[in-house]
Amino acid sequence: MSEYFLPVFVVIVTVGLSWPLGRYLVYAMDPVSCGPIRSRYESACAAFLGHAAKTGQSWQQYCRSMLTFNILMFVVLYAILLTQQWHPLNPDGKTSLEPSLAFCTAVSFTTNTNLQHYSGEVSMSYFSQLFGLMWLQFVSAATGIAAATALSRGLAGRTDFGNCFQDIWRATGLILLPLSIITACLLVLCGVPMTMEGAAVATTLEGDAQTIARGPVAAFVAIKQAGTNGGGYFGPNSAHPFENPTFWSNVLETMAILQLSMATVWMFGRITGRMKHAAVIFGVMLLLYVSSVGIGCVLESAPTRSLASLPVASSMNLEGKELRFGSAAAATWAVSTTSTSNGSVNAMHDSLNPLTGLVPLSAMWLNVIFGGVGVGLINMFLFVITGVFLAGMMVGRTPEYLTRKVEAKEMKLVLIALLVHPALILGGTALFASTSWGASATQDPGSHGFSEILYEFSSAAANNGSGFEGLGDNTVPWNIATGLVMLLGRFVPMIAPLAIVGKLAAKRATPETAGTFRTDTGLFGIVLIGTVLIIGALQFLPMAVLGPVAEQLGG
Amino acid sequence: MNQQTRIGSDLQHAATSQRSSLFTAQMLAPSLWQAVRMLSPRTMARNPVMFVSELGAGLTSLVTVAAIISGSADKFYFFTISVWLWLTVWFGNFAEAVAEARGRAQANSLRSARKDVTAHRMVDREQRTTEDVLASLLRQGDEILVSAGEPIPTDGEVIEGVASVDESAITGESAPVIRESGGDRSAVTGGTRVLSDFLVIRVTAKPGESFLDRMIAMVEGAERGKTPNEIALTIVLAGFTLVFLMVCTTLYPIARYFDVTIDVPTLIALLVCLIPTTIGALLPAIGIAGMARLSQSNVMAMSGRAVEAAGDVDILLLDKTGTITLGNRQASEFRAAEGVEERELADRAQLSSLTDETAEGRSIVVLAKTRFNIRGREMEHAHAEFVPFSARTRMSGVNLGDRQIRKGSVDAISQFVSQQGGTLPQCVRNDVDAISRAGGTPLVVAENSRVLGAIFLKDIVKGGIKERFGELRQMGIRTVMITGDNPKTAAAIAAEAGVDDFLAEATPEAKLALIRQYQHEGHLVAMTGDGTNDAPALAQADVAVAMNTGTQAAREAGNMVDLDSNPTKLISVVSIGKQMLMTRGALTTFSVANDVAKYFAIIPAIFMAALPQLAVLNLMNLATPRSAILSAVIFNAIVIPCLIPVAIRGVKYQPVGADSLLRQNLLVYGLGGLVVPFAGIRLIDLALVTLGFV
């Protein structure tokens, strides 16, 4: 039973903490009035970024600023990765990355995906880790928070969406940085190393020399989790004992994965002044999350199939797990990391029981169970609008969302944003499964090999970044394909909703009456779950059947 | 028809009146063939879902032909799938054709009224000389003479004469109506017939754009553009189609990974089952049927957009008189001043009203007779001089020598007596206030400088109207009463009738300003009107129902015309608008929810050969992979004709709040949409096995 302490503890504490944190997010991102400390921070922003960072923007200007900033960040990171042998802080003499890998990595970190086709400790210098990758782990997450804030402002009926640069500045300095510092300090207490020295060399009992990689791990892990980035300092990510040494570090990191995404929903509620609506959304997300965790834990408590028939005393699937965590902690993490588009792992998803493997896959297909920092809420917004449109007609009125009429133009944009996700996953999987690019990269034949390809594209499209592993994905076709998938999967579903909200905000508000379709009731929760499951999941049902389900049933 | 029963039956009117005539053999037979003609790709391209289905059916047919030529063993299976795919498309067209046929029947009866008659155009109005021209050559502004027994050639306004007109060709109402120059009954419609006397009419319609022409075009659906909500839904359905197109096209290469080759007809069968064909097929029929329901309740909408807007309306402006109260006020009480006999007051009141032809005047005469048995007298001998009501004096009455008897509003009488050196006694003032507060209209009677007392004119609120307003409130619709009464009277009637708000002492400008203000607050406003002074407000309102008896100006300004001229109709117009949207939403939900079962029928069937373990997913225990696929396709096709009655009648609408409506429809169409196909596909599979098809 103690197995299940972790998931229960994590859910209760994180949900509890999300409430005050949501309050703080509003203070940080959209303050009503600034206290003395807060206004000093704002004037620092103005001094640093110039006057342009103070003026309010329309949704078009906001998107333009966001894209400009992201393109700039991408170019800088790409340059760093190609020239890292000449940079300081490179005690182990790492050389530059192969261009397609550098492209994939730069895209991956700009888009908050952190899909890694490399092993950090093998390929990256300290400089690249800290000022290339970690810097982007901050600002890419900040971009997500900024976008969610702008969305909330628009839905509150404001045509001034705020200032993109100012929002990123606020999200980085007031949210991500303090949160990471706190998490990093706690991690150091748990035994995670934080050093600028090069790899340690130890002599083993047999007398051999062993090189043990180390570095500024605690700082890296903290933002990796808090910003739903997921890119590990080490190749094995949080399964590595230096990234995640103890039970409590594991609890802390699992909580850090969820914390900001949960709080963003409350921030949305506060800015729009619709806490009940936010609570319905939160409830739907939580229900999907808790059921996924439950299903995952139960499925992982069964032994792996190759052991099932053998006379060994094994009660759960421990293949690919860290024994210090156990299977329930691994399943909880697997669900959390894929729900939130984090992508860090503390166990190898490749070794999950086949049906358990379906749980993280479907979490990425839906991509709305809390989701990536900021963007999870934005994705859910698309389903909310779809649900409002379909069910809204059933009350005999033109569908309305938060007093604004939802019409053809908005629905066109919603569909474009919703279509991108399955198009990237299904298209990519179909292309690679039917060509030698995919077939030669898979480790296993049949359904499992198919799941590896499917997982990689799902992970890239959902900006998740976790890998099913077992896939030889550091090749030019994989690097370029996943790079493009990540770009489209990030920015189309981010810009289209802002455009929708821009159009909605420009409309006249309809007064709410007894005839208005309400979005703050349990009934709407049911509509929303139905929309997410039927619209979101139906598209992937054939894939699920051919991959994990067929493997599970294969016997 | 009796007004009271009218109110009660309005809401159900649309639903019940057509139940008997949903399908008749005359409609069905031409529709069967019309549905085939509509298979032309040019017609189909308007509807993306059905267009994709038709392309799929075409492609499957080609593959079938190839299979027959090559003598493949699959030819029978391919052939069956092709047939059912074509049937799917044909069923969709049939639904639209049936809906149109119902409108066409009405259009034909209207068209018989629109004959190209000879009109008598005025050459010289003084001399009454006319020339004969064809009605189709009449231009706006022409003046024509129509004599008894002749049809009125086109729309116009009466500028001279009074006549009784038979409007049954348009309204279906056989009782003739009076049309006269000036006032609110001056509009005449082409296609109606003058029964007695003659009319001189100024033509107001351009050739081919008369009311009758527009009506015919409307009921035939020729002018039917897609409404905004219909466009949005079409986009959503196209989006869903695109998603499933993607699912199916990528499934082919992915199946190759598992060494499975999916044959084209099976893949297309999967595609057509997954895309929302049910709603795609029924969408046009829903819109056409909505318009038809409206025209069956004798309201002509000038655009589908207006019908849809009616569903969104959240403020109804209702004229008090005729809508909330029975048209005419009735005298119900005499309240004599101190020192005056009630009988004397009744006598003077009757004297002043003897030639007053208004309903109020007549009711005073009647009340005096019933209360005190005072009879109407012949007044010629007394040198009686009658003073008719005028808007300036706001009094009417009679002069008998030096006796000046007047009745009128309290202000007018007060002014009248003070000119003669009298004053209005306090007790009369109190009575007047009391009458106002009780929702009545006070009329004060005076003889020379002496005020005799007040008459209580009572407004009779229609029976059942309060419950109706309560229902509207639950639907989220506020009712606002418009009246010319003073605020006190208005407040009392408003309270009695249960309206949410009222506009007292309403002028056309005040009405217009009120509508603008509501719209500025984001409300959608519906109103009815008949007079020319209603025209600006009608033009401003989002849904404006003009009375057919009204003036041409009012009819031009409104976006609907009520042929029955029944102001309460507004409420059923709103219900029909809501019902149309609800039907779309419900059938879309049903259509999308069906996909779950279809997936469970087809996906295991496709892959069972290569991955036999997937047999577990064959939840419905379908006999063979091919019977599974066929059953899904057949279910998908026949669900369309099964739902045609729902599309044409509309889903059941009750005047309740949004929450209960949603709960009800989710249960029936959401949950039903999940469960029904599981049962349906299983039954079809059983039938196929029993009949030996597989």
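This is a predicted model: local features need pLDDT of at least 70, side-chain atom pairs count only at pLDDT 80 or more; totals for chains, interfaces and linings use all residues.
Trainee: How much accessible surface does chain A have, and what percentage of that surface belongs to carbon and sulfur atoms?
Mentor: Residues are numbered from 1 along each chain as its sequence is written, with chains lettered from A and ligands numbered from 1 in the order in which they are written. Areas come from the Shrake-Rupley method with a 1.4 Å probe, and for residues only the protein chains shown count as cover. For chain A the total is about 18,200 Å², and the carbon and sulfur share is 67%.

Trainee: How many helices and strands are there in chain A?
Mentor: Both are DSSP runs numbered from the N terminus: a helix is H or I over at least four residues, a strand is E over at least two. By that rule, chain A has 20 helices and 4 strands.

Trainee: What radius of gyration does chain A have, next to that of a compact globule?
Mentor: The radius is taken over C-alpha atoms, and the globule rule is 2.2 Å times the number of residues to the power 0.38. Along the principal axes, the C-alpha trace of chain A spans about 80 × 55 × 45 Å. With 555 residues the rule gives a value near 24 Å, which agrees with chain A at 23 Å.

Trainee: And what radius of gyration does chain B have?
Mentor: Chain B has 24 helices and 22 strands, and its C-alpha trace spans about 115 × 60 × 40 Å along the principal axes. A compact globule of 694 residues would come out near 26 Å, but chain B has 33 Å.

Trainee: What percentage of the residues of chain B count as buried?
Mentor: Buried means under 20% relative accessible area, exposed over 50%, and partly exposed in between, using a 1.4 Å probe and protein chains only. In chain A, 64% of the 555 residues pass as buried. Of the 694 residues in chain B, the figure is 57%.

Trainee: How far apart are the mean positions of the positive and negative charges of chain A?
Mentor: Lys and Arg count as positive and Asp and Glu as negative, with His and the chain ends not counted. Each charge is placed at NZ of Lys, CZ of Arg, CG of Asp or CD of Glu. In chain B, with 63 positive and 69 negative side chains, the two centres lie 5 Å apart. In chain A, with 27 positive and 28 negative charges, the separation is 20 Å.

Trainee: B:Y77 and B:F78 form an aromatic pair, but of what kind?
Mentor: Rings of Phe, Tyr and Trp (its six-membered ring) pair if their centres lie within 6.5 Å; planes under 30 degrees apart count as stacked, over 60 as edge-to-face and the rest as tilted. The whole structure has 31 such pairs over all chains. B:Y77 and B:F78 sit 5.8 Å centre to centre with 50 degrees between the planes, and that makes the pair tilted.

Trainee: Is A:S459 buried or exposed?
Mentor: A:S459 belongs to helix α17 of chain A, residues 446-461. Contact means heavy atoms within 4.5 Å. Beyond residues up to four places away in sequence, A:S459 touches several others, including A:T113, A:M364 and A:G465. With a relative accessible area of 0%, A:S459 is buried.

Trainee: What is phi of A:T228 near?
Mentor: Most residues other than glycine have a negative phi. A:T228 is in the loop between α8 (217-226) and α9 (247-272) of chain A, and A:T228 counts as buried at 0% relative accessibility. Its phi is positive, near 45 degrees.

Definitions and conventions:
Side-chain values use heavy atoms; hydrogens and water are left out.
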